Structure formats: C-alpha cells, structure tokens
Amino acid sequence: MSVPADRELDRDALRLRRPRPRAEPAGTLETARHVAEDLADGLAGPRARAAARGIRRLLEVEGVGLADLTGGLALSGRLPAEVDTAAMVEDVLHTESRCGRGQVIALPLIVHDEMAGALLVSGRAGRAALREVAGVIVAALERGHLEASAEHAAQAELRALRAEISPHFVYNALTVIAGLVRSEPARSRELMLDFADYIRYSLARHGEYTTVADEFHAIETYLALQRAVLGDRLRVQVRVAPEVLAVAIPYLVLQPIVENAVRHGIEPCAGGGHVQVTGEAEGADCVISVEDSGTGMHPAAAEAVLAGHGGGSMGLANVDRRLRNVYGPWFGLVVETAEGDGTRVLVRVPMFQPGVMP
C-alpha cells in the first residue's frame with residue numbers, strides 16, 4: 001500500500017521534533033558536581049562561565065547567565081537581544097524576587113539569608129528543574145563561603161599566636177642581655193642574636209606551613225633565652241630524628257606548646273625542672289613530644305584548655321584547632337598530665353599530606 005507524499009513529510013517532521021534523550025542520572029550528577037566545584041570561588045570567580053555551561057547542560061536551555069552583586073554576568077549560550085537582561089538582574093538584586101520576561105527567567109540566589117547574585121535562564125525549563133539547579137548553586141556558594149570563613153579564622157588564629165609573645169618574657173630576656181654586656185660581651189651578643197631570631201620567626205609574615213626543622217630551630221632559640229633568664233632552674237633536652245626534619249607542618253605549632261611548658265609548668269616551681277622535646281617517625285606519622293616536669297594539672301583542666309577555656313593556655317587550643325582543620329578530626333593534640341606530675345603534649349602529623357607544603 002502506497003503512502004501519500006505529504007504523510008511521509010509529516011512523519012519526517014515528527015522524527016525531527018522528537019525530544020533529545022534525557023541525560024543519564026550518573027552524567028547529571030557528574031555535571032552537578034562540576035558546577036559546584038566551578039563555583040568554589042563564587043559568582044565572580046574565574047570558573048563562573050564554566051559553571052554556567054554546566055547549568056545550561058542540566059536545564060537543556062538556550063542560555064544561562066550567572067550574575068554577581070555588581071551585575072557582572074558570566075554567560076553560556078544566548079540571551080534574547082530584545083529582552084533587557086541587565087534590567088532584570090538589577091530588579092532581582094534589589095527586590096530579591098523572581099522576575100520573568102518572555103522566555104527569560106531571573107531567580108535570586110540567597111546565601112545565608114543574604115543576596116549573593118542572580119540566575120538567568122533563557123528557554124523552556126520546568127519550575128522543579130529550576131528550583132533544583134538553584135539549590136545546587138546556593139549549596140556550592142554556601143560551601144565556598146564556609147571554606148573562606150574557615151581560612152580567615154585560621155589566619156586570625158595565626159595572628160593571635162604571633163601577638164601572644166609574653167611582655168614579661170621579653171622584659172626579662174632584654175634585662176639579662178643588658179646585664180651581660182660588660183661582664184660577658186660575647187654571651188650577650190649571642191643572646192641578642194637569639195632574641196632577634198625569636199622575634200623575627202614569631203612576627204614575620206611566613207606562609208601557612210613550614211618545616212619541622214624550622215620549628216625546632218625556633219624552639220631551641222626560645223629555650224636558650226629562657227635558660228639565660230631562669231638559669232639552673234630550667235634544664236633542657238632537645239632531640240629530633242633527621243628523617244622528620246623536612247616534614248611540613250603548620251607554622252607556629254611547636255613554639256606555643258614549648259612556651260606553655262616553661263611558663264605554666266616550670267616557672268611556678270621553686271626548684272625549676274626540665275623540658276624535653278623530641279621528634280621522631282612512627283610508621284607514616286611524625287610524632288613530636290613536649291614534656292615538662294612541672295606542676296601538671298588535673299585531666300579535666302587539660303580538657304578545658306583544649307576546648308579553649310584554659311585561661312592563660314589559649315595557645316594550645318589554637319594549635320589543636322589548626323591541626324584538626326589541616327589534617328582532620330583524628331589528628332590534633334594529646335595532653336597527658338596529672339596534678340604534681342608534669343605534662344606531656346603529643347603532636348602527631350602525617351609525614352606527607354597533600355596540599356601541605358612549606
């Protein structure tokens with residue numbers, strides 16, 4: 001049986017209009033993950049345009065734009081020339097409400113109850129799909145905001161450690177150095193150089209990470225100054241295995257622990273005591289121990305110190321948080337102590353951690 005020519009054309013037209021096959025769930029999830037990664041630096045970041053391309057693939061529309069608070073647009077595809085999309089973005093940013101003109105829709109992107117930008121979509125996209133994609137974008141921006149806040153907090157904690165130099169220690173160290181100028185000029189010069197090294201390392205603008213070798217040099221300098229101040233009341237032993245010297249660790253991790261051992265462990269004891277610092281490899285980890293024979297404390301007090309409620313020992317809580325932020329919750333400080341039985345603080349870090357470089 002023959003088929004009329006016009007019927008054949010209709011059949012071809014139907015074939016041409018058949019919708020494209022939906023993306024596989026795994027592909028959709030991968031695209032959504034890439035969008036989230038591309039938005040790590042925000043709507044004004046260098047990968048915002050790549051994020052717009054991913055969103056366009058997810059929605060299967062003609063054009064997608066991501067606008068930051070300045071109105072700057074990262075665009076993928078095409079937006080209709082006859083629609084004033086700039087006015088739409090401005091309207092959304094001011095009213096925090098959805099805006100639609102023709103086939104173009106603009107949605108507000110609100111992160112932590114604050115306007116962060118707008119999503120522009122040109123084409124036929126279902127409300128549910130738009131809502132889901134907007135949720136992906138907001139979640140990515142929230143994560144980026146939290147990561148930036150964590151980084152700023154870590155930098156603030158590092159500044160706090162730098163500012164925690166004891167004026168009492170500085171005064172005593174300079175007094176001892178001045179007293180030796182006439183009687184022991186060579187010794188006075190050596191201590192002055194140690195003091196300069198101590199101040200430079202504590203206050204200089206270092207990177208986020210350093211090496212075990214640099215940290216041990218800093219604490220040896222500090223202990224040399226404290227021995228000059230405290231005399232025979234302070235006995236010191238420092239041992240570090242060569243294989244851990246090059247291990248990268250967060251800057252200013254050991255110095256606050258050693259200072260805490262001297263100030264809160266040895267100085268209150270009339271007869272003084274000893275401080276022992278060791279560093280060695282244990283399997284895939286570098287383990288550093290700072291032990292003093294001082295007054296010690298109740299284990300509950302040590303727990304309060306690590307929680308940040310320890311009064312004059314805030315440096316330990318600071319170091320503990322920074323270690324956990326860098327290496328994960330299974331790392332951090334371990335404090336072994338008892339009243340009248342001294343204190344031992346253990347630092348355990350991986351010999352190698354991706355992204356941790358001096």
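Me: Is Ala51 buried or exposed?
Reply: Buried, with a relative accessible area of 0%. Buried means under 20% relative accessible area, exposed over 50%, partly exposed in between (1.4 Å probe, protein chains only).

Me: What kind of model is this?
Reply: A predicted one: local features need pLDDT of at least 70, side-chain atom pairs count only at pLDDT 80 or more, and totals for chains, interfaces and linings use all residues. Residues are numbered from 1 along each chain as its sequence is written, and side-chain values use heavy atoms, with hydrogens and water left out.

Me: Where is Ala51 found?
Reply: In helix H3, residues 48-59. Helices (H or I, at least four residues) and strands (E, at least two) are DSSP runs, numbered from the N terminus.

Me: Which residues is Ala51 in contact with, leaving aside neighbours within four places in sequence?
Reply: Val35, Asp38, Leu39 and Leu66. Contact means heavy atoms within 4.5 Å.

Me: Switching to strands. How many residues of E10 are buried?
Reply: Seven of the eight in E10 (residues 285-292).

Me: Which strands pair with E10?
Reply: E9 (residues 273-282) pairs with E10 in the antiparallel sense over eight bridges. E12 (residues 343-350) also pairs with E10 in the antiparallel sense, over eight bridges. Two strands pair if DSSP finds at least two bridges between them.

Me: Which residues stand opposite each other there?
Reply: Val275 stands opposite Asp292 in E10. Ile288 stands opposite Val347 in E12.

Me: And what about Gly283, in the hairpin of E9 and E10?
Reply: Gly283 takes a positive phi near 65 degrees. That hairpin has two residues between the strands.
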